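Try each task before reading its solution.

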Amino acid sequence: MIKVLFVCMGNICRSPMAEAVFRQQVEQAGLADQISVDSAGTSGWHVGEPAHSGTLRELTRHGINHDGRARQVTYDDLQQFDYVLALDRQNLTHLLKYARGTMAEVALFLSYARAAGQVNIDEVPDPYYDDTFERAYQLIETGSAALLDHIRQAESVS
């Protein structure tokens with residue numbers, strides 16, 4: 001089983017959106033028995049809370065369900081997940097401090113879409129402050145497709 005973890009600051013906006021979008025793409029590809037998906041935050045500010053209303057609104061608009069609760073990333077996550085993907089550089093820096101000696105591929109989520117020429121940025125801006133949930137969704141949808149393509153090729157998943 002290939003394990004993918006999405007990470008943002010509080011695990012209420014971007015990372016749960018990425019979790020839900022990527023999970024749907026994995027299920028639509030018929031790969032749910034080979035790829036598992038989760039999300040977490042680098043901070044503990046929102047632990048136990050549902051996703052932000054803007055995230056839930058955008059997911060609902062696209063017919064995607066999400067009922068997870070925020071949690072904080074742990075050192076064990078870096079040991080157990082194959083891909084630990086930060087939605088921005090600040091969270092990537094935090095993750096890399098603890099990732100030494102782990103086998104996880106720790107990277108920026110959009111790096112796969114950028115490498116494929118599908119986006120020209122490598123961070124998903126945080127919609128918490130400016131209500132840009134639709135823009136975040138668009139980037140996450142594109143990034144998820146590129147990530148799935150990468151995993152299919154790198155891990156020989158079909």
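**Exercise 1.** How are α1 and α6 oriented to each other: oblique, roughly parallel or roughly perpendicular?

*Solution.* This is a predicted model. Two packed helices are described by the angle between their axes and the distance between the axes.

Step 1. Find helix α1 at residues 14-28 and helix α6 at residues 133-154. They pack at an angle of about 45 degrees, with their axes 9 Å apart.

Step 2. Apply the cut-offs: under 35 degrees counts as roughly parallel, and 65 to 115 as roughly perpendicular. The angle of about 45 degrees therefore makes α1 and α6 oblique to each other.

**Exercise 2.** Which residues of α1 and α6 meet, and what classes do they belong to?

*Solution.* Step 1. On the α1 side, the residues include Met 17, Val 21 and Phe 22. On the α6 side, Tyr 137, Ile 140 and Leu 148 are among them.

Step 1. Sort by class: the contact of α1 with α6 has 13 nonpolar, two polar and two charged residues.

**Exercise 3.** Which way do the residues of strand β3 point, and are they buried or exposed?

*Solution.* Step 1. In a regular strand the side chains alternate between the two faces of the sheet.

Step 1. Check β3, residues 83-86: Tyr 83 and Leu 85 point one way, Val 84 and Ala 86 the other way. All are buried.

**Exercise 4.** In what sense does β3 pair with β1 and with β4?

*Solution.* Step 1. Strand β1, residues 2-8, pairs with β3 in the parallel sense over four bridges. Here Val 4 has Tyr 83 as its bridge partner.

Step 1. Strand β4, residues 105-108, pairs with β3 in the parallel sense, over four bridges. Val 84 stands opposite Val 106 in β4.

Terms used: Residues are numbered from 1 along each chain as its sequence is written. This is a predicted model: local features need pLDDT of at least 70, side-chain atom pairs count only at pLDDT 80 or more; totals for chains, interfaces and linings use all residues. Side-chain values use heavy atoms; hydrogens and water are left out. Axes are lines fitted to C-alpha atoms, for helices over the stretch in contact, and angles run from 0 to 180 degrees between N-to-C directions. Helices (H or I, at least four residues) and strands (E, at least two) are DSSP runs, numbered from the N terminus. Angles under 35 degrees count as roughly parallel, over 145 as roughly antiparallel, 65 to 115 as roughly perpendicular and the rest as oblique. Contact means heavy atoms within 4.5 Å. Ala, Val, Leu, Ile, Met, Phe, Trp, Tyr, Cys and Pro count as nonpolar, Asp, Glu, Lys and Arg as charged, and the others, Gly among them, as polar. Buried means under 20% relative accessible area, exposed over 50%, partly exposed in between (1.4 Å probe, protein chains only). Two strands pair if DSSP finds at least two bridges between them.
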